[in-house]
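Please look over the sequence and the model below. This report covers the domains, their interface and the salt bridges.

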Amino acid sequence: MYWNKPIEMMEIDRLKALQLERLQTTARMAYQNVSVYRERMQKDGVDPDDINSLDDIRRLPFTEKNDLRDHYPFGLFAAPQSEIVRIHASSGTTGKPIVAGYTQKDVRIWSEIVARSLGCAHVTRDDTVQVAYGYGLFTGGLGLHYGVERMGGKVVPVSSGNTRRQLTLMEDLGTTAIACTPSYALMIGETLRREGFDLSRLKLKTGIFGAEPWTEGMRRKIEELLNIKALDIYGLTEIIGPGVAMECLESQNGLHVWEDHFFVEILNPETQEPVPDGEYGELCISTISKEGMPLIRYRTHDLTAFIPEPCVCGRTHRRIKRFRGRTDDMLTIRGVNVFPTQVESAITGIKGVAPRYMLIVDRVSDTDVLEVQVELAPDFISDEVRVIEEFHAKILKTIEQVLGVSIKLKLMEPGSIERSEGKSRRVIDNRHLFE
Ligand code: DLL
C-alpha cells in the first residue's frame, strides 16, 4: 500500500539528486536567515556554495539540542514570524524546553510523511484511526491526526489516558488502527484482558507505535495481546515530529527514512566519522525541505544502523534498524555498557514475567550496583519457595548473559511497576546524587 508511490519508489540516483538540490537550498537559507548558522559556517570557513556533493555535508557544522536551548525560543527559526503557523515543544528532562516552528508548507510536508507512514502500515481511507498519543505541545497527537486526515482516513482524536474509555470507543466506533506509545499499547492490552473485553468484538488490526525505544519481544507481546500487527514509527520534535521514519508491514524489519525530506548520516558518537553499513552509531539528521526551523546535521543521540539491503516492499528510501536507545540511556556498569532495551529483549521471551521492568543503579563502596526489577505476570502463581527460587535463578542468568555484567534481580508483584500512558521511564540512576 503506497500513499505516494512515485516518490516512495523513486530511483535512487534521482532521489540523491533531489537531496543535493534541497540540501544546497537549505544551507543557503540557513546561512542567510539564521545568525547562529551563519556565524558557525563563517568560523569554520565554509560557504553554502561549497556544497557540491552529498558528501560535502561533512563540511557543515553540527547542531545540538543545547543550541536550541541556548537560542530559546526562536533563535533557530529561518522564516519570519508572520509565516509561522504552528509551535510544538518538548520539555526534555532538564532546563528550558525546546521549541519548533512550522510554516504552512512544513505542516503540509509533515502530514504527507505521516500519510506515507500510514501507507507503510497498510492503513487506508477505509480505516478508523484512534490517536492515543498525547495532543498538545507534544507532536505525537497532532502529527498523527493531520496525517490520517491527509490520507483520507477517519481520525478519532482521543489523546492518551482513560484506558477504559479507549476500549469502549474502540468497540463502539469500530476502530481499526491505534496510534500510541508501545508502553501505552501494552497497558491497553493488559486492561482489555483484565476487564474482560471481548477481543473478537474489536476490529483493531494495526498499531502505529513509537516515541520510545521498544524491542521485538515487546512487539510480539503487544501483537498477541491485541491481535494486531504492530509497527514502529520514529520522529522527534526538533526535526518535525513523528513520521521521519517508518517501518513497513511487508518487512517489519527496519524503518524507511523519508529521504526526500531528511538527509541522514550514522556516525560514531566519539569520532563523528560515518560508521559502516550495519554498524550502530548515532543518527544525525538534516532537514532538507523545512522552512520554519531547518536543522543542519542535528545530533539526535539516537542509536541505529543502516540496513543496506533493498526492502521487499520496493520502497527505495533507506532503512534504519529499530533503535537500540539513546546514547544518554546507556549505563556504564563497572565498565560494561548496558541499555534498558537489552533487559527488555532478555525478559520478553520468558513465560511468567510481564514485559515490565526498571533498572536502578547505585554506587555502593565505590562499586556500581545494578538492580533490575522485573514484574511477574498475573498468571504466575506459586507460593512454593523452591519454585520461586528456581524462577529467580533462571531470569537472573538470562539477564546476566545478555548484559554481560552481574546484577541484583528483584521480582515484583504483578501490577507494581509504574505504568505509562506516554513514554516510560526505565532507569533510575542514583549515582548522580553522589557526584
Ligand atoms: O517522540 C515524536 C514521536 C511521536 C515519535 C509519536 C513517534 C511517535 P520527542 O518527544 O521530541 O518526539 O522525542 C523524540 O524519542 O529522539 C528518540 O529518542 C525517541 N523516539 C521517538 N520515536 C522512537 C522510536 C517524539 N520509534 C525522541 N524508537 C527521539 C525509539 C524513539 N525511540
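Does Arg315 count as buried or exposed? Arg315 counts as buried, at 3% relative accessibility. This is a predicted model.

Arg315 forms a salt bridge with Glu8, with 2.7 Å between the closest N and O atoms. Arg315 lies in the loop between strand E13 (306-307) and strand E14 (319-320), and Glu8 in helix H1 (residues 5-8), so the pair ties together parts that are 307 residues apart in sequence. Glu8 is buried too, with a relative accessible area of 0%.

## Other salt bridges

The structure holds 33 salt bridges. One of them joins the side chains of Glu291 and Lys105, at 3.9 Å from N to O. This pair links distant parts of the chain, 186 residues apart. Glu291 sits in the loop between strand E11 (281-287) and strand E12 (298-304), and Lys105 in helix H5 (residues 104-120). Glu291 counts as partly exposed, at 26% relative accessibility. Lys105 is also partly exposed, at 34%.

Arg419 forms a salt bridge with Glu375, the closest N and O atoms being 2.7 Å apart. Here the partners are 44 residues apart: Arg419 is in the loop between strand E20 (408-412) and strand E21 (427-429), Glu375 in strand E19 (residues 367-376). Arg419 is partly exposed at 25% relative accessibility, whereas Glu375 is buried at 1%. Elsewhere, salt bridges that share partners join Glu216, Arg219, Asp232, Glu247 and Arg322 into one network.

The protein divides into domain 1 (1-327) and domain 2 (331-434). Their centres, taken over C-alpha atoms, are 30 Å apart. Domain 1 gives 21 residues to the contact, and domain 2 gives 15.

Together the domains bury about 1,600 Å² between them, 54% of it on carbon and sulfur atoms. Which residues of domain 1 lose the most area to domain 2? They are Thr215, Lys221 and Arg324, which together make up 27% of what that side buries.

## Polar links across the interface

Two salt bridges cross the interface of domain 1 and domain 2. Eight residue pairs are in polar contact there, both residues at pLDDT 80 or more. On the side of domain 1 that touches domain 2, helix H8 (182-194) and helix H9 (216-226) are the elements that give two or more residues. H8 supplies the largest share, five residues. The residues of that side divide into nine nonpolar, seven polar and five charged.

How values were computed: Residues numbered from 1 in each chain as written. Predicted model: local features only at pLDDT ≥ 70, side-chain atom pairs only at ≥ 80, totals over all residues. Heavy atoms only, no water. Domains from an automatic or database assignment. Contact = heavy atoms within 4.5 Å. Buried area = accessible area lost by both parts, 1.4 Å probe. Salt bridge = Lys/Arg side-chain N within 4 Å of Asp/Glu carboxyl O. Polar contact = N/O pair within 3.5 Å; in protein donor to acceptor, adjacent residues only side chain to side chain. Helix = DSSP H or I, 4+ residues; strand = E, 2+ residues; numbered from the N terminus. Nonpolar A, V, L, I, M, F, W, Y, C, P; charged D, E, K, R; others polar. Buried < 20%, exposed > 50% of the residue type's maximum accessible area, 1.4 Å probe, protein only.
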